[in-house]
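Here is a short briefing for a first look at this structure. Keep the sequence and the 3D view open as you read.

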Amino acid sequence: MKTTLMLRALVTIALGVLATGAAAQVMPAPAAEVPMLDPYVPPGARPKSLRVPAATQGPALEAQVERKLRTRFEAAAQGQPTLTREQARAAGLGAITREFDVIDRSRRGAITFEDYQRHLQEARAPAR
Amino acid sequence: MRCGAGWIVALALAGCGGGGGGASAPPVTNPPTGNYLDATVYSSQPTASLSNPNEITSITRGQVVVGSQTFSYTATTGHLTSLALVDNLPQASFFYVAYTLDGAAPVTRPVTFFYNGGPGSSTIWLHLGSFGPRRLDTGEPNMSGVAPFPLVDNAETLLDVSDLVFVDAIGSGFSQAIAPNNNRTFWGVDVDGAAFRDFIRRYVAVNNRASSPKFLYGESYGGPRSAVIADLMEAAGMSLAGVVLQSPALNYNSNCGIIIAVVSCGGYLPTYGATAAWFGRSNPPATPAQLPGFMAQLRPLTDDLYAPAVVALLTTATRPDPLLVTRLAAVSGLTGAQWDANFNMPPEFFRVNLQPGTLSGRYDARVTLPNNSPPGREIDPSDVLIGPSFSLRMGEYLAGTLGYTTPSTYTMLSNAINFWNFSHDGNQLPDTVPDLAAAMAQNSRLKVLAVNGYHDLATPFHTTERDLARLGNNPNVRVINYVGGHMTYLEHSSRRAMKADLAEFYRSALQ
């Protein structure tokens with residue numbers, strides 16, 4: 001793609017000096033530092049060899065979601081197979097902290113990722 | 001980039017970095033003032049960090065008429081210090097303007113957080129262009145008025161539906177990192193999302209809005225930012241009611257206008273057709289009223305024929321069927337030879353060649369100027385014709401109406417994009433559809449609305465449709481397209497239609 005980085009000509013710097021009525025304070029006009037290109041990836045930030053990930057859907061997307069949630073859960077559990085309420089709180093997992101007693105059906109004081117997963121699936125059930 | 005090496009005319013930045021040193025003391029929330037001269041020097045430089053953030057705000061009152069009803073509101077302008085989720089250390093001083101309806105019960109009153117994208121953009125476009133109580137009247141797409149365009153009362157403000165908080169990303173507007181962090185600390189997909197989450201947490205805590213229904217409204221890169229924030233907020237236990245995606249770039253790997261060569265431009269075809277129709281160059285022709293029907297023809301042409309043919313060309317160098325090329329030429333207003341030579345048709349080629357000698361806009365392809373740009377350095381008419389007015393009016397509005405003044409320069413768009421860490425979830429460029437899916441997995445009630453323009457050559461509407469289709473047939477996800485460009489709200493008829501659709505979206509999300 002042709003680079004449009006040189007679009008700097010379009011950048012708008014209104015150098016008018018604006019004064020407030022009350023404070024009579026000189027306030028510089030807003031300014032832009034680069035061309036307005038959104039979304040954009042500058043040439044210098046582009047991967048030399050882009051690996052285009054699959055546009056996941058269905059089971060593949062669900063697996064990605066599970067990985068995200070599991071990674072977060074396991075990081076909070078610090079290598080242990082179960083997570084305590086205090087660990088969830090310390091990791092900033094506020095939703096698990098708040099609903100811990102509901103998730104922890106067996107009242108063990110510690111939950112597995114599967115406990116958490118089941119809790120989310122039940123919340124999605126149409127019966128709600 | 002070295003500090004201060006940007007070409008910006010930084011009129012009043014006293015020095016590089018805007019301060020240093022540690023910031024171990026928690027921020028102090030001072031009483032608001034009616035008119036605040038903030039002497040703090042803010043900088044957008046990558047290495048800039050604040051040592052003494054403040055949370056003083058200017059409080060002003062306003063009124064806006066929606067329908068036949070007058071709404072009185074309070075505008076709060078200033079900074080809030082975001083605190084890290086786990087250790088509560090100060091992270092960044094976010095500049096924001098909050099419009100809250102007077103007399104409403106905060107417990108049930110929705111609150112919506114708005115931000116643009118870039119990355120590196122301030123929220124000037126949504127703040128002064130979309131659904132705040134005042135808006136810039138650009139007259140898009142004809143722009144027959146005289147610039148600078150006026151700031152007028154906004155009869156389509158969302159203030160009758162929700163409180164509105166417009167917040168600038170770190171390193172834009174007057175938002176800046178707090179030492180020992182610097183702006184660059186937060187210039188990446190994940191750290192930026194976490195910082196926005198923590199601003200929202202702070203706003204909610206300071207203003208007792210824990211039980212208020214919460215909405216996000218992000219534009220362009222603000223779309224993927226919203227997906228990341230939504231996932232992080234749900235995990236943090238702060239549930240959202242809804243997410244509005246304004247012309248989002250949810251998956252950087254599905255938009256060839258962001259990065260071409262191996263990425264398909266398939267999603268652009270309907271936008272090419274809509275633009276050609278606008279200029280009377282499509283076959284079949286289509287008036288704006290007939291656009292939905294025309295687009296209903298172009299979606300299957302894209303999904304069943306064109307996009308697969310692009311994939312075949314990119315992966316196995318298979319040349320396209322000449323009959324397909326002939327059809328593409330007809331619907332897009334280009335020639336068969338142009339399609340043969342540029343079968344994976346990039347938007348930059350289209351906007352230069354649809355009408356020889358005339359340049360179409362990237363953000364709004366209907367806005368044109370004579371093409372006097374050197375090849376490869378084309379300006380965007382739809383940007384250059386409105387940018388100076390936004391800049392000028394923001395300066396006037398902050399100081400004159402909102403009562404907030406500072407010697408610093410409000411950074412409309414910082415250089416952050418040149419430092420941005422785009423990697424996310426193991427991908428080199430972000431695909432945030434899984435983040436949105438994760439947010440919805442954690443909150444089954446979360447509703448998502450994507451609003452797009454038929455004539456947007458930056459984030460084509462059908463690419464967004466294809467991205468969101470990955471979520472399956474989910475009744476909580478809806479896409480609505482309007483006549484207009486990236487900023488559909490700039491056009492009167494589309495803004496009115498959007499307001500009605502948004503009000504309905506809020507109603508459904510609050511049930």
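Start with Ala317(B), which is exposed because its relative accessible area of 57% is over the 50% cut-off. The model shown is a predicted one.

**Positive phi values**
- In general, most residues other than glycine have a negative phi.
- Ala317(B) is not glycine, yet its phi is positive, near 55°.
- To find Ala317(B), look in the loop between α5 (291-316) and α6 (322-332) of chain B.
- Chain A holds another case: Gln78(A), also not a glycine, has a positive phi near 50°.
- Gln78(A) sits in the loop that runs between α1 (58-77) and α2 (85-90) of chain A.
- Gln78(A) has a relative accessible area of 63%, so it counts as exposed.

**Cis peptide bonds**
- Most peptide bonds are trans.
- Between Gly118(B) and Pro119(B) the peptide bond is cis, with omega about -5°.
- Pro119(B) belongs to the loop between β5 (111-115) and α1 (124-129) of chain B.
- A cis bond also leads from Ala147(B) to Pro148(B), and its omega is near 0°.
- Pro148(B) is placed in the loop between β6 (134-136) and β7 (151-153) of chain B.

**The disulfide**
- How many disulfides does a search of the whole structure find? There is one over all chains.
- Its partners are Cys256(B) and Cys265(B), with an S to S distance of 2.0 Å.
- The torsion about this S-S bond is about 110°, so the disulfide is right-handed.
- Both Cys256(B) and Cys265(B) are buried.

- Asp163(B) is part of strand β8 (residues 163-167) in chain B.
- Is Asp163(B) buried or exposed? Its relative accessible area is 3%, so Asp163(B) is buried.
- The side chain of Asp163(B) makes a polar contact of 2.8 Å with the side chain of Arg109(B).
- Which residues touch Asp163(B), leaving aside neighbours within four places in sequence? Asp163(B) is in contact with Tyr99(B), Thr100(B) and Leu101(B), with Arg109(B), Pro110(B), Val111(B) and Thr112(B), and with Arg209(B).

Terms used:
Residues numbered from 1 in each chain as written. Chains lettered and ligands numbered in written order. Predicted model: local features only at pLDDT ≥ 70, side-chain atom pairs only at ≥ 80, totals over all residues. Heavy atoms only, no water. Helix = DSSP H or I, 4+ residues; strand = E, 2+ residues; numbered from the N terminus. Buried < 20%, exposed > 50% of the residue type's maximum accessible area, 1.4 Å probe, protein only. Polar contact = N/O pair within 3.5 Å; in protein donor to acceptor, adjacent residues only side chain to side chain. Contact = heavy atoms within 4.5 Å. Disulfide = S-S within 2.5 Å.
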